[in-house]
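The following exercises ask the reader to work through selected parts of a structure, step by step. Please consult the sequence and the model while reading.

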Amino acid sequence: MLEKIKNIRLNLRFIFCFLILALPSIDAGNKLKNQTGEGKFLKSISEDSKAQIRCLMSHKNPSYSRAALGMLLAASEINEKNMTAIAAYASRGNAFHHVALLTSLSAHRDKCVSHFLKLKDHGKTLAAATLAASAIQPFIIKNINERVSANSSELNEKKGKKSSKGKRKKKNRLADNNVNISPISKELVGKLLQEKSTRVQRYAILIAAYSKMDSLKNSIMSLPSQKKSKDIMGASLLYLAMIGEKPEKEWIEAVFKSCSKISKAISRECAQLSEVDLLVPPLASACEALGYVEGDYLHLLESALKSKDIRVQMDATRAIARRYGQKGSEVLVPFISKASWPLLVEICNALNVNPIKSAVEPLIARYEGEYGLMRLHLSHALNITAHKNISFKANDAEKWWQDNQSDFQVDLAASKEYQGANPFTSLEVDPVITTFYMLNVFSDSFLYVVDTSASMKGNRIASLRENLVYSLKEMKRGGRYNIVDFGGDIVRMYKGLTSDIQKGIYRANSMPLSAPTRSFDTLEQAIKTEGVDSLIFLSDGAPTGYQLKSWTDIQSAIALINRYRPIQIQMIEFGAGKSARMHMDTISGQHYGMCESVFIEAEPDAGL
C-alpha cells in the first residue's frame, strides 16, 4: 500500500513539473492562435469588392482593414462606391494620412483624387492630402540619399559568425532611387488654395512647396489666413524657401513667434512618431525652411531645439547641419547628453558632416552610458571627428582623448575622406548583441521580421528555424527582442519586447507557413512597435499582398514612416532575384542597415 502511495506521489510530481514547463508554451500558443487565419480570410475577399468594403468599414483589426484598403486601391477599375467607402474610412481614427499615403502610390491616384473632390465632408481634404503625400515623398528620399551619399564607397563586408547552411551570394550594389510619383497639376493646386478650409489650403501650400511651383507665389502670399493662422504661416515660409525666395527677417521672426506654441506635442520617443503625419507642427516646417534660406537665423533654430516636440528638434537639427557648418555644430553640443535617441541620431548625422573638437567629450560620455544601437551612431561620429578608428569600445575613445586632447585639431578634409572610406554600415563596436546569418546585431531592442510564406517551404524554412534558434541562443544578456513572422498571417510572438530566449526558440520551431507575402503590411506594423530601434527583415521574394506590391512604392512609404523615428532596417534576402535584391539593398542602406544575400535552393512547386 505504501509503495502505491509513493508511486502516486511521484506521478503527481512529474505531472506538476510537466505543467509548469508546458504552460508558457500553451499560453503562447493560445495567444498566437488568435492571430492566425488572417491570410485565409483576406484571400477569400481578394476578388470581392463588396466584401473588401465590409472589411474596411467594420473590422476592428487595422491589419485586416488596411489590407482591404490596399485591395480596393489596386483594383483594375476605380468606382464611386469604392472611393466613397475609402473616404469614409479615412475619416476614422488615425487612418487619414495612411489612406492619403497609399492613394498617392496607387496607379489610379489621379482618378481617386477626382472622385474625392466630388465628395462632401472630407473628400476635398483627402484629395489635397493625397497630393501632398505625393509631393513630399521624392523630397524626403532625396534628403536621405544626400546623407547616404557621404557613404557612397563600396561597403566593407562585415564578418559575423557563420551559422547558415546556405551559400552567401555576392551582392548587387545597384540602387534604384526612382519614385513612382506622377506630376501634379498646378491648376488643381491653385483651385485647392481657393478653398475656405485652412487645412486644405495648408496641404495645397505644402504641395506647391515640395513641387517648387513658383508660379503660385501670389496666390499663396495673398491668402487672408496669412495673418491669422500659424499653420498657413509655417507652410508659407517653407514654400518661399523651397522656391528660392529670401523672406524679410522681421516676417521670419514673426512666423517663429507665432508657431512657438505647439498643441499635442510629442515630447518623448514613442511609436506615434512612426505614424504618417503630413501636418507636422508649423514650427517644424519653419525650421525645415531655414535650412534653405540665406541669412543668419541660427538663434531661431537654437531656440527651436528647446521645443517640447521631438519633430521640431529634429528639423531644427537638420537645418543647422545644412546651413551653419561647424558654427552650427557648436549649438548642438549641449543637447548630446540628454537627447532622445531619434534626436541623437540627427545630432550625430550633423556632427558627421561638420565635426568639432568640443563635441568629443560629450560624445564619449554619452557612449559610456549606452549599450545598444546608439553606440554605433556615437562611435561613428567620434571616428569621423578623429578621422580614424578610435571607439571600438567607449574606453578606447576615452584613452585616445586623454592621449591626444591637448594637440588635437579637427581636419575637415581628413574627416570627409575617412567617412567616405568607412561608412556607417561597416562599423563595429563591442559587444555584438548577437548575429543572424551574416549580420551583426548591435541593437538591444530589435525585431526579427521573417518570411514564412509558402515559397519558404522545405530547405529555406529549415535554415530559417536553425539560424533563428542559433541567433537567440547567442544573444547577450540585456538583449530584448520579438519575432514577427509573416506570409498571409502576420503573427507577433509577444506584445512588446522580451528577453525570454525559450519563448523565441519555441516560436522559431513552430512558425507555420501561409500565403501570400505581405512584406509592406508587416514592415509597417514592425516599425510601429513600441520600444524598438532596429529590425532585421528576411524574405525570399517579391511582395505579393496587400497594401503595396512594389518595392519602389515600399521604399517611398518607409521613407515617410521613418521620417521622425529612424528605425534601423537590416535585410536578408534568400535568393529573391536581382530586382528584389537591388531594392532590399537600397532600403537597408537608406535606413542605417546592411543587406545580406543567402542562397538556399527553393523547393519545387512551393505552395499552400
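The side chains of T517 and S453 are joined by a polar contact of 3.3 Å. The model examined here is a predicted one.

**Exercise 1.** Determine where T517 lies and whether T517 is buried or exposed.

*Solution.* Step 1: locate the residue. T517 lies in a loop, with α24 (501-508) and α25 (519-527) on its two sides. Step 2: apply the cut-off. Buried means under 20% relative accessible area; T517 has a relative accessibility of 8% and therefore counts as buried. Step 3: list the surroundings. Leaving aside residues up to four places away in sequence, T517 touches D451, S453, F486, G487, S539, A542, P543, T544 and G545.

**Exercise 2.** Identify which residues of helix α22 are buried and which helices they pack against.

*Solution.* Step 1: in α22 (residues 412-421), the buried residues include A414, S415, Y418, Q419 and G420. Step 2: the buried residues of this helix pack against α18 (341-353) and α20 (374-386). Step 3: consider the start of α22, where a side-chain oxygen of D411 comes within 3.2 Å of the backbone nitrogen of A413.

**Exercise 3.** Describe how α26 and α27 are arranged relative to each other.

*Solution.* Step 1: helix α26 (residues 551-561) and helix α27 (residues 578-590) have axes 10 Å apart and pack at an angle of about 10°. Step 2: angles under 35 degrees count as roughly parallel, and α26 and α27 are therefore roughly parallel to each other. Step 3: W551, T552, I554, Q555 and I558 of α26 meet A580, H583, M584, T586, I587 and Q590 of α27. Step 4: the residues of this contact comprise 6 nonpolar, 5 polar and no charged.

Technical notes: Residues numbered from 1 in each chain as written. Predicted model: local features only at pLDDT ≥ 70, side-chain atom pairs only at ≥ 80, totals over all residues. Heavy atoms only, no water. Helix = DSSP H or I, 4+ residues; strand = E, 2+ residues; numbered from the N terminus. Buried < 20%, exposed > 50% of the residue type's maximum accessible area, 1.4 Å probe, protein only. Polar contact = N/O pair within 3.5 Å; in protein donor to acceptor, adjacent residues only side chain to side chain. Contact = heavy atoms within 4.5 Å. Axes fitted to C-alpha atoms, helices over the stretch in contact; angles between N-to-C directions. Parallel < 35°, antiparallel > 145°, perpendicular 65-115°, else oblique. Nonpolar A, V, L, I, M, F, W, Y, C, P; charged D, E, K, R; others polar.
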